[in-house]
Amino acid sequence: MRETDSSVETWSFQCQNCHTVWQDTYEARHHADFGGEFIVWRHRGAISMPPWLHAGCSACPGASVKVIPLAGNVPYQGRAGM
């Protein structure tokens, strides 16, 4: 497995319950191996799910969060967790 590219991406989130808006930064490490290409996401230094999965509001118990990628960030359309 080899790393082909790495980028730092800032994503915006909006809670659909309390309407709180916030931003968070993720690192996307692109890798390639014999099985194809995949992305390893890191959040605050730890391996994490992609920003659009399992986002929860930090201000209320709301689990319905809209994820808004900032300009230049395009959500990966591959399999969940990649």
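How many residues lie between strand 2 and strand 3 in their hairpin? Two residues separate them.

This is a predicted model; local features need pLDDT of at least 70, side-chain atom pairs count only at pLDDT 80 or more, and totals for chains, interfaces and linings use all residues. Residues are numbered from 1 along each chain as its sequence is written, and side-chain values use heavy atoms, with hydrogens and water left out.

The protein chain has zero helices and five strands. Its elements run β-β-β-β-β from the N terminus. Helices (H or I, at least four residues) and strands (E, at least two) are DSSP runs, numbered from the N terminus. Two strands pair if DSSP finds at least two bridges between them.

Strand 3 takes part in both pairings below.

| Pair | Residues | Sense | Bridges |
|---|---|---|---|
| Strand 2 and strand 3 | 21-33 and 36-43 | antiparallel | seven bridges |
| Strand 3 and strand 4 | 36-43 and 46-48 | antiparallel | three bridges |

Of the chain's 82 residues, 29% are buried, that is, under 20% relative accessible area (1.4 Å probe, protein chains only). The accessible surface is about 5400 Å² (Shrake-Rupley method, 1.4 Å probe). Carbon and sulfur atoms hold 51% of that surface. Contacts are heavy atoms within 4.5 Å. Among contacts with a separation of 6 or more, 49% join residues 24 or more positions apart.

Key
Buried < 20%, exposed > 50% of the residue type's maximum accessible area, 1.4 Å probe, protein only.
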